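Here are my notes on the model. They take a pocket and then the ligand site.

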Amino acid sequence: MEDEKNVKAYILLGAPGSGKGTIAERIRDAAGLRHLATGDLLRTAMKNGEPLGREAESYMKRGVLVPDDLIMKLVETCLEKGGDTASYLFDGFPRTLAQADMLDSALEKRGTQISRVFLLTVPKDVILDRLTGRRTCRKCGAVYHIRNIPPKKEGVCDVCGGELYQRADDREDTILNRLAVYDKETAPLISRYEKKGLLARVRSDRKADVVAGEILGMIRGSSSGAGER
Ligand code: AP5
């Protein structure tokens, strides 16, 4: 069925700071995928003062997960908008086994299934440096790092000229909490997708363009699997 419609669904899985958003920005257009990042959607809802944003804010500030039912409503709304012909790049979703079950059902309803899951792997010491140095554009959401991937002009987005800010959950104590939550709630998804033969491990402690190129190669089917570990 997936092939009939040629609808694809890819997942970027990985700990906070593993580079999901950075890689998604680099591959979504080239791969013709709708980028669905639940963290970005929640931050937009917060910024716009929507009820969902108000509800999510207290969870996000503490670095714990927003309840599954709220997340699934958000995702379902996006999937509805895309109709049944859009292909997706999920970023930061699913994050629990329950969300993974719900995603399977939502895709099945649309006559498709998960095409592949890319697990971005990075050593924990790199993660802390990445997250404390991250800056995000208030306007378009583009992601930078003060040393690794700096903007051309300090504090200003290269893409849209918007102001760069530091996310409230990128404080060291909240980061450590997010990492613990990842290990407990999200890491079990790795073996789930591995057992289904869907998982590709991609080392993300390399240049972002190299990581993105490797994943794009796998999406286009032009890679022999180099880089999978
Ligand atoms: P979310 O926004 O999804 O955050 P996250 O998963 O913690 O991931 P991050 O955005 O922190 O990191 P990333 O992997 O995207 O890395 P990035 O590319 O930015 O979620 C935030 C919160 O929302 C959660 O804590 C939770 O409360 C809630 N939430 C969201 N989704 C949910 C869900 N499904 N269920 C329940 N709750 C949910 O890169 C990080 C930094 O590293 C940047 O500075 C970047 O420039 C730099 N960098 C990236 N790649 C490289 C590279 N290759 N080399 C050098 N530097 C790099």
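1. Helix α5 (residues 68-82) is the main contributor to the lining of the second largest pocket, giving six residues. Helices here are DSSP runs of H or I with at least four residues, strands are E runs of at least two, and both are numbered from the N terminus.

2. This is a predicted model: local features need pLDDT of at least 70, side-chain atom pairs count only at pLDDT 80 or more, and totals for chains, interfaces and linings use all residues. Residues are numbered from 1 along each chain as its sequence is written, and side-chain values use heavy atoms, with hydrogens and water left out.

3. The lining of the second largest pocket includes L41, E50, L52 and K73. By class, that lining has five nonpolar, one polar and three charged residues. (Ala, Val, Leu, Ile, Met, Phe, Trp, Tyr, Cys and Pro count as nonpolar; Asp, Glu, Lys and Arg as charged; the others, Gly among them, as polar.)

4. Which residues come nearest to the ligand? They are T22, V64, R95, R134 and R178, out of 36 around it. A residue counts as near if one of its heavy atoms lies within 4 Å. The shell holds 14 nonpolar, 12 polar and 10 charged residues. Helix α3 gives the most to this shell, with four residues.

5. Check the polar contacts (pairs of N or O atoms within 3.5 Å). An N or O atom in the R178 side chain is 2.5 Å from a ligand oxygen. A polar backbone atom of Y144 lies 2.7 Å from an oxygen atom of the ligand. For a polar side-chain atom of R43, the distance to a ligand oxygen is 2.9 Å.

Key: 1 Å grid on protein atoms, 1.4 Å probe; cavity = no way out; pocket = protein on both sides within 12 Å on 5 of 7 lines; lining within 4 Å. Polar contact = N/O pair within 3.5 Å; in protein donor to acceptor, adjacent residues only side chain to side chain.
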